[in-house]
Amino acid sequence: MKKESLIIALGSSFLITGIIYVLGIVLFNSTISLVIALNDFAICSITVYFVYYIVVGRRLRAIHSLIAKNPKEMGNTSLDSVEERIKTLLKERKEELEKIDKLERHRREFLDNVSHEMKTPVFHIQGYVSTLIENHIDDPAMEKRYLERTEKSAERLIHILEDLDTISQLEAKEVSADIEPFDIVALCEEVLESEAMDAEEKDIALVFENKMDKAGVIGDRFRIKQVLVNLTVNSIKYGKKDGKTTIRLRNEPETIYVEVADNGIGIAKEHLSRLFERFYRVDKGRSREQGGTGLGLSIVKHILEAHHQQIHVSSVEGEGTTFSFRLKKAPHHSSFSLSI
């Protein structure tokens, strides 16, 4: 751009000083006009160069840069449209930077949460083992209790690592789904039966609302079971005493609608948009007291996305929460039969 500025400056100055020289000959009939013209030529050249390069050149350099990158696209484009394109690019760049900043904040939150979640069981294990090593405990019952607590903390640590591994594989699409027809009615009954003891301990009734004997769907049975277990366990954890957790199935033209609902404590509106982020907790103190890795809902989201479906949530504080999703029907789902 400096070269183009110099050429334009010299050309403009040559034209101007040429006119001055001619006028000097005509008006004054003297060669002294040549000296004046040469002096004006130098001053004019420097002035035009800086005016063009600094004032005009700034805009043209941006246009020149765009044309150099996309000569075919920019070949017949007006300056107004080029300026509009520049504004668009600047806006896109700003949005990208905001997105990167948001991701960075979430990354820091995630690392803080991972650190906290893993430190808790590690410190417990360290404390129990140190106590057993440094203090001779004559009471076998006390020693057994310490060992059981150590084992429980180790299991929690393993659970966190397993969930982290699962979600990493799901995000990287490294898990090959075993897609096949299965009976969602039988699977729901299986999940409710497996969680019955925990629900009974919290005085929560488990209810299955369904009008179909069998309902064939297409999916990875193991992964969909993970979804149902995570949603049911979550519902029981945050349910009210003498409350209710309900799994509902509804027959639709091409899909089976699945709903896991409760009448528990509910979730505030401002938390719903971040509910499926890794380790995100609505009430950190109460959530950690209840246990769990904080990865369950994130795993649910990724599993359903792998099935090309979405998880939906609606909630009212103090009234309860409902999670819902759909699964594609298997052929002849109403007469579906499967040996389990």
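The model is predicted, so local features require pLDDT of at least 70 and side-chain atom pairs count only at pLDDT 80 or more, whereas totals for chains, interfaces and linings use all residues. Residues are numbered from 1 along each chain as its sequence is written, and side-chain values use heavy atoms, with hydrogens and water left out.

**Overall make-up**
- The chain has 10 helices and seven strands, where helices (H or I, at least four residues) and strands (E, at least two) are DSSP runs numbered from the N terminus.
- Of the 340 residues in the chain, 34% are buried (under 20% relative accessible area, with exposed over 50% and partly exposed in between, for a 1.4 Å probe and protein chains only).
- Among contacts (heavy atoms within 4.5 Å) with a separation of 6 or more, 73% join residues 24 or more positions apart.

**Nonpolar core**
- The largest nonpolar core contains 40 residues, and Ile184, Leu228, Leu231 and Phe325 have the most contacts inside it; such a core is a set of buried Ala, Val, Leu, Ile, Met, Phe, Trp, Tyr and Cys residues joined through side-chain atoms within 4.5 Å.
- Elements giving two or more residues to this core include helix 5 (140-171), helix 8 (221-237) and strand 7 (320-328).
- Helix 6 supplies the largest share of the core, six residues.
- Apart from neighbours within four places in sequence, Ile184 contacts Ala215, Val217, Ile224, Leu228, Leu249, Ile256 and Leu327.

**Packing of helix 6 and helix 8**
- The axes of helix 6 and helix 8 lie 10 Å apart at an angle of about 45°; axes are lines fitted to C-alpha atoms, for helices over the stretch in contact, and angles run from 0 to 180 degrees between N-to-C directions.
- Helix 6 and helix 8 are therefore oblique to each other (angles under 35 degrees count as roughly parallel, over 145 as roughly antiparallel, 65 to 115 as roughly perpendicular and the rest as oblique).
- From helix 6, Ile184, Leu187, Cys188, Glu190 and Val191 meet Arg221, Ile224, Lys225, Leu228, Val229 and Thr232 of helix 8.

**Thr150 and Ile125**
- Thr150 lies in helix 5 and counts as buried because its relative accessibility is 13%.
- Beyond neighbours within four places in sequence, Thr150 contacts Ile125, Tyr128 and Val129.
- Ile125 and Lys152 are 27 residues apart along the chain, with 8.9 Å between their C-alpha atoms.
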